[in-house]
Amino acid sequence: MKKQLSAADALARLQDLCARSEQCSADMRKKLIAWQIPSADAERILDALIDDRFVDDRRFARAFAADKMRFSGWGRYKIMRGLMAKRIDRATIDHALEALDVDEYASTARRVLISKARAIAEGNTYEGRTKLFRFGASRGFETDLITRLIRAENLWEPRD
């Protein structure tokens, strides 16, 4: 049988985790529940993490949004759904999405669509464009941006 984790040990572990990577309050709360920390102690630990700026949901949301856009090729809608799943409030989500660089966002959408276009066997046909549009929408990009990129550029041309 595992030894029960004390409140002080739980705080130290969470501080170490937060020092290594950005975390949100909902994830910290889940860990405390999983470790079976009493709710009164859990709230004190979470308050201490927030007061000491180990946990900041605004900072987490901005980092999450930027990383998901850059490294995972996600659009605003998918990022929003991901942050909602982390129980981040709507105002914080809106702030994080507004902080995304517009040019980098469009460039990411273009890169993702070009990559997928190369894998679509139908090519630049109605069926191919429809598949590409659906893919872009599933990645969370706005329909007007997807449409503009598909119409304005031939995404199927080979690149150097």
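Author: Just after helix α8, G140 takes a positive phi of about 95°. Helices here are DSSP runs of H or I with at least four residues, strands are runs of E with at least two, and both are numbered from the N terminus. The model is a predicted one, in which local features need pLDDT of at least 70 and side-chain atom pairs count only at pLDDT 80 or more, while totals for chains, interfaces and linings use all residues. Residues are numbered from 1 along each chain as its sequence is written, and side-chain values use heavy atoms, leaving out hydrogens and water.

Helix α8 itself covers residues 126-138. From first C-alpha to last, its 13 residues reach 18 Å, close to the 18 Å expected at 1.5 Å a residue; the expected span is 1.5 Å times one less than the number of residues. G128, L132, F135 and G136 are the buried residues of α8 (buried is under 20% relative accessible area, exposed over 50%, partly exposed in between, with a 1.4 Å probe and protein chains only). Viewed down the axis of α8, these buried residues fall within an arc of 100°, so they line one face of the helix; the arc is taken from the directions between the helix axis and the C-beta atoms. On the face turned away from this buried side, α8 carries the exposed residues Y126 and R134. What the buried residues of α8 pack against is α7 (102-119) and α9 (143-152); contact means heavy atoms within 4.5 Å.

The loop between α8 and α9 contains E142, which counts as buried because its relative accessibility is 13%. Apart from neighbours within four places in sequence, E142 is in contact with R76, Y77 and Y105.

T108 has its place in helix α7 and counts as buried, at 4% relative accessibility. With neighbours within four places in sequence left aside, T108 is in contact with M69, G73 and F141.

Next come the aromatic rings. Rings of Phe, Tyr and Trp (its six-membered ring) pair if their centres lie within 6.5 Å, and planes under 30 degrees apart count as stacked, over 60 as edge-to-face and the rest as tilted. That rule gives 3 aromatic pairs. One of them is edge-to-face: F64 and W74, with 6.3 Å centre to centre and 70° between the planes. This pair links distant parts of the chain, since F64 is in helix α4 (residues 57-72) and W74 is in the loop between α4 and α5, 10 residues apart. F64 counts as buried at 13% relative accessibility, and W74 is buried with a relative accessible area of 17%. Y105 and F141 form a tilted pair, 5.5 Å centre to centre with 55° between the planes. Here too distant parts of the chain are linked: Y105 sits in helix α7 and F141 in the loop between α8 and α9, 36 residues apart. Both Y105 and F141 are buried.

Ring pairs also join F60, F64 and W74 into a cluster. Over the ring of W74 sits the charged end of K68, 4.6 Å from the ring centre; such a placement requires NZ of Lys or CZ of Arg within 6 Å of the ring centre and within 35 degrees of the ring normal. R13 lies over the face of W35, 5.6 Å from the ring centre.

The wider setting is the nonpolar core. A core is a set of buried Ala, Val, Leu, Ile, Met, Phe, Trp, Tyr and Cys residues joined through side-chain atoms within 4.5 Å. The largest one has 31 residues, of which I79 and L83 touch the most other members. Two or more residues each come from α4, α5, α6 (90-98), α7, α8 and α9. The largest share, 6 residues, is given by α7. A second, separate core of 13 residues includes L5, L17, I45 and L49.

Leaving out neighbours within four places in sequence, L83 is in contact with F60, A61, F64, I88, I93 and A96.

A119, in helix α7, is exposed with a relative accessible area of 61%. A85 belongs to helix α5 (residues 76-85) and counts as exposed at 57% relative accessibility. The C-alpha atoms of A85 and A26, 59 residues apart along the chain, are separated by 9.5 Å.
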